[in-house]
Amino acid sequence: MNAAAGPLLGGVGLRRSYGGRTAVAVDRIELREGEMLAVFGPNGAGKSTLLRLLAMLEKPDAGEVAFRGGSGRPAERALRAASAVVFQRPHFWSDSVEYNVGLGLALRGVPRSEARARSRAVCEQLAISHLLGAPISRLSGGEAQRVALARALVLDPEILFLDEPTANLDTDSRLDLRHDLERVARERATSVFLITHDRGEAFHLADRVAVIRDGKLVQTGTPKEIYENPADVYTARVTGAEFTISGAVTRAHERMVTVDIGGASLVALGEAVPGTPVKIAYRPEDLVLGPPDVPPADLSTRNLVVATVEERRDMGGLVRLRLRGPVELVALVTLDAAEELGVEPGVRVAVRVKATALHAFPAAPVGPRESGTS
Amino acid sequence: MDPLLEALRLITSGDLYVWNVILRSLQISGSALLLAMVIGLPIGIAVGLTRFRLRLPVVAVINAGLAFPPVVVGLGVFLFLSRAGPLGDLQLLYTPAAMIGAQAILAGPYIAAVSLAAVENIPPDIALQARALGASRRQAILLQLREVRTSLVAAVAAGFGAIISEVGAVMMVGGNILGETRVMTTAIVLETRRGNFDVAIAMGIVLMLIALCVNAALLLLGRRTIRRGQIA
């Protein structure tokens with residue numbers, strides 16, 4: 001997506017509570033022109049509330065939302081005219097698909113003939129033009145969400161707010177809609193604010209990802225930045241890292257630490273003084289398996305442990321292995337590699353992993369972090 | 001002749017007395033219904049859509065209106081309009097205006113209560129969705145009401161049902177004066193007492209048909225509004 005400089009929409013010092021429980025406490029968030037920003041976090045993290053605040057559909061208890069640098073009622077009116085929202089469970093008025101798709105245009109006073117033509121065009125783009133005359137009650141979940149997307153896109157919005165648009169769909173419909181979302185947003189150069197608890201959706205679609213927990217943004221950055229350099233244990237965990245390795249720092253040097261894991265040492269990225277107990281985050285796909293008798297001398301990989309396969313789980317073209325060495329490890333290899341190595345329970349393997357693929361975190365959580373510029 | 005057959009003959013032959021009473025009934029109850037709608041619908045919708053401090057007592061008062069005994073309402077209107085009453089100078093007692101007032105008081109709470117119940121159960125996500133689509137405050141309210149239009153029509157039908165078949169209040173404030181305040185219900189009471197069963201049955205049949213037709217028409221009207229989609 002063609003991300004350009006300059007915030008289109010921003011929120012500063014946003015606070016929102018319900019019955020004494022803080023739903024959102026975001027110090028700063030911004031959506032840039034033409035980008036797709038995904039706010040990613042588990043259910044109940046405050047994602048939808050944040051969307052409603054930024055879309056100016058709900059007022060914050062404190063803080064301010066600015067659209068194109070302006071705030072207050074004029075900005076709210078301008079944002080309403082320039083944006084559209086697709087909710088997780090969109091409401092449709094009991095009428096035809098065509099009525100629902102054209103509703104936003106009717107509310108804006110667009111002449112009926114023009115509204116009809118625009119509705120047809122956008123429905124063709126989303127391959128739902130055959131549904132135009134159908135009553136809304138007869139749609140499947142996937143079709144309904146597509147109609148909701150058409151109803152938003154027909155407004156030709158500058159900003160498209162998407163609140164878990166694929167959450168209630170089956171796998172095929174989810175992938176189809178995700179593909180269409182990406183294609184249409186690219187074609188129209190629409191700025192997209194996407195809320196999702198789906199890691200794949202956030203990391204594959206978005207230009208930038210903001211990780212949210214308990215209403216607070218933990219880390220914001222490009223998917224690569226967050227994936228490769230998670231700010232804390234939480235971010236590492238929600239981005240798919242495993243945390244089966246723990247130990248104590250024995251040496252610290254230049255953002256690298258050496259960690260004693262009991263019978264072996266691992267070098268990892270991290271900042272902690274010697275003696276600090278740490279957990280090490282790693283991604284199962286970063287572990288490289290090989291026969292235990294191959295000398296590591298020629299490899300640049302600094303970490304090597306020998307482990308025994310305890311459990312093998314086939315997952316289509318991939319195999320997930322649980323290994324027992326000085327610590328428990330989880331590895332993900334391709335089916336071909338697993339067959340070649342003959343990994344079955346009881347087989348010993350050498351596990352290699354680059355130091356830069358390991359992230360050591362102190363046991364105590366750390367605060368929010370903004371990754372480098374995107 | 002069989003009173004039933006005679007009743008049918010009175011209806012189909014356009015008997016002047018019977019049709020005079022029927023038309024007067026429609027005129028009075030129609031006007032009362034219109035008045036009750038103009039007052040009851042906005043009250044029910046406003047209370048249903050808003051949250052304010054004294055909302056609960058207000059809802060309780062509106063719902064209490066459903067249990068107003070018609071004769072008590074008639075008595076109240078009678079006392080207000082009687083010569084010694086606060087509005088005695090208007091000399092409205094025993095006129096169609098008094099009957100319209102009494103019937104509106106009876107129908108209003110029905111319309112307000114049923115519309116309130118329908119509106120307060122509108123899911124909040126409808127208003128949110130409407131606003132997200134760019135609806136103004138007025139448009140958002142109309143879009144919410146669109147989703148409960150059948151219930152709103154039912155509210156009006158309930159109000160109509162409460163008055164078209166009512167006899168106590170209209171008898172007290174109207175006086176059952178021929179050509180002036182005699183309506184179907186009061187005529188049925190009178191003609192039955194006189195032993196004119198054919199006339200009473202004729203009025204009864206027409207009353208039932210009117211109740212059926214008006215309710216059917218209101219429901220059809222509700223559905224047509226859906227099709228036309230007049231929201232803005």
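Q: What is the order of the strands in the open sheet of five strands in chain A?
A: This is a predicted model, and in it the open sheet of chain A runs in the order β14-β18-β15-β16-β17, with antiparallel pairing.

Q: Which strands are at the edges?
A: The edge strands are β14 (288-290) and β17 (328-334) of chain A, each of which pairs on one side only. Averaged over the sheet and ignoring direction, neighbouring strands are turned by 45 degrees against each other.

Q: And how many bridges join β14(A) to β18?
A: Three bridges connect β14(A) with β18 (residues 348-353) of chain A, and these two strands run antiparallel. Within this part of the sheet, A:Gly290 stands opposite A:Ala350 in β18(A).

Q: Switching to chain B, which residues of helix α3 are buried?
A: In α3 (residues 55-64) of chain B, the buried residues are B:Arg55, B:Val59 and B:Ile62. They lie on the same side of α3(B), because they cover an arc of only 60 degrees around the axis.

Q: What do they pack against?
A: The buried residues of α3(B) pack against α2 (16-49) and α5 (96-120) of chain B, whereas the face turned away from the buried side carries the exposed residues B:Leu56 and B:Val61.

Q: What is the mean pLDDT of chain B?
A: The mean is 91, and 95% of the residues of chain B reach 70 or more, but over residues 226-232 of chain B the pLDDT is below 50.

Q: What about the complex, which ipTM and pTM does the predictor give?
A: For the complex, the predictor gives an ipTM of 0.76 and a pTM of 0.79.

Note on methods:
Residues numbered from 1 in each chain as written. Chains lettered and ligands numbered in written order. Predicted model: local features only at pLDDT ≥ 70, side-chain atom pairs only at ≥ 80, totals over all residues. Heavy atoms only, no water. Buried < 20%, exposed > 50% of the residue type's maximum accessible area, 1.4 Å probe, protein only. Helix = DSSP H or I, 4+ residues; strand = E, 2+ residues; numbered from the N terminus. Arc of directions from axis to C-beta. Contact = heavy atoms within 4.5 Å. pLDDT = per-residue confidence, 0-100. Pairing = 2+ DSSP bridges. Axes fitted to C-alpha atoms, helices over the stretch in contact; angles between N-to-C directions.
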